[in-house]
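Subject: Model for you to look at

Hi there,

Here is the structure I promised to pass on. Please open it alongside this note, and have a look around before reading on.

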Amino acid sequence: MADTQKLSEITPSWLQVPTKYYETLGTNIRGSLFYFVGKDLLEPNQLAYGAAILNLFQLSAVILDDICDNSTTRRSQPTIHEKYGREKSLVWSFGLCFHIHDYIMKEAPDQEFAWKMIQLYDRMSSLTLEGQYYDMDWGNTYFKQTAELKTSYYSTCFPIAMLVL
């Protein structure tokens, strides 16, 4: 990951398989974009912190999305659940979400900032899961809500909010 930490460097041992797999796919665009856009606004450690949160969430969302969509490949590679099983992959997806909370609290510059980040992250997670629901149950009927909720919040809104905290 250019200019950002490798996820495998900041995750516990039981989350190493999905994080290392994710790193090989090169799907860290959100964290890299956050770093690029924020490089003149934030300190390098703040940039790495925000990018890591985005990349960890992206990994969690990708795992869950692939399971919900019954996808067998991502970027021409077998999905994590195809390779390691649905049950383990679900545990990894949820584990990553909880690990993000731990990471936010441990790495935040201060408690006030940490709590603001937790609130932002929880809101983003909730909206993304709602979008996943619309995608699974309603497909094209609610395409606009799916696109708004499932992707746009953690692709644009959340990174912008982190920059102005």
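Below is what I found in it, starting with the ground rules.

This is a predicted model, so local features need pLDDT of at least 70 and side-chain atom pairs count only at pLDDT 80 or more, while totals for chains, interfaces and linings use all residues. Residues are numbered from 1 along each chain as its sequence is written, and side-chain values use heavy atoms, with hydrogens and water left out.

**Overall layout**

The protein chain has 7 helices and 2 strands, in the order α-α-α-β-β-α-α-α-α from the N terminus. Helices (H or I, at least four residues) and strands (E, at least two) are DSSP runs, numbered from the N terminus. Of its 165 residues, 47% count as buried; buried means under 20% relative accessible area and exposed over 50%, with partly exposed in between (1.4 Å probe, protein chains only). Among contacts (heavy atoms within 4.5 Å) between residues at least 6 apart in sequence, 63% join residues at least 24 apart.

**The cores**

A nonpolar core here is a set of buried Ala, Val, Leu, Ile, Met, Phe, Trp, Tyr and Cys residues joined through side-chain atoms within 4.5 Å. The largest one has 29 residues, and those touching the most other members are Tyr-49, Ile-53, Leu-59, Ile-63, Ile-100, Ile-104 and Tyr-121. At least two residues each come from α1 (16–25), α3 (44–68), α5 (86–107) and α6 (111–138), with α3 giving the largest share, 9 residues. Another core, of 6 residues, lies apart from it and includes Phe-34, Tyr-35, Ala-51 and Leu-54.

What does Ile-104 touch, leaving aside its neighbours within four places in sequence? Its contacts are Tyr-49, Ile-53, Ala-114, Met-117, Ile-118 and Tyr-121.

**α3 against α5**

The axes of these two helices come within 9 Å and cross at roughly 160°, which makes α3 roughly antiparallel to α5. Axes are lines fitted to C-alpha atoms, for helices over the stretch in contact, and angles run from 0 to 180 degrees between N-to-C directions. Angles under 35 degrees count as roughly parallel, over 145 as roughly antiparallel, 65 to 115 as roughly perpendicular and the rest as oblique. By class, the contact of α3 with α5 has 17 nonpolar, 4 polar and 2 charged residues (Ala, Val, Leu, Ile, Met, Phe, Trp, Tyr, Cys and Pro are nonpolar, Asp, Glu, Lys and Arg charged, and the others, Gly among them, polar).

Ser-93 belongs to helix α5 and, at 2% relative accessibility, counts as buried. Beyond its neighbours within four places in sequence, Ser-93 is in contact with Ser-60, Ile-63 and Leu-64.

**α1 against α3**

Here the axes come within 11 Å and cross at roughly 95°, so α1 is roughly perpendicular to α3. Pro-18, Thr-19 and Tyr-22 in α1 meet Asn-55, Gln-58, Leu-59 and Ile-63 in α3, a contact with 4 nonpolar, 3 polar and no charged residues.

**Two backbone spots to check**

Asn-70, in the loop between α3 and β1 (73–74), has a positive phi of about 55° although it is not a glycine. Arg-75, in the loop between β1 and β2, also has a positive phi, of about 55°, and is not a glycine either. Asn-70 counts as exposed at 53% relative accessibility, and Arg-75 counts as exposed at 51%.

Best wishes
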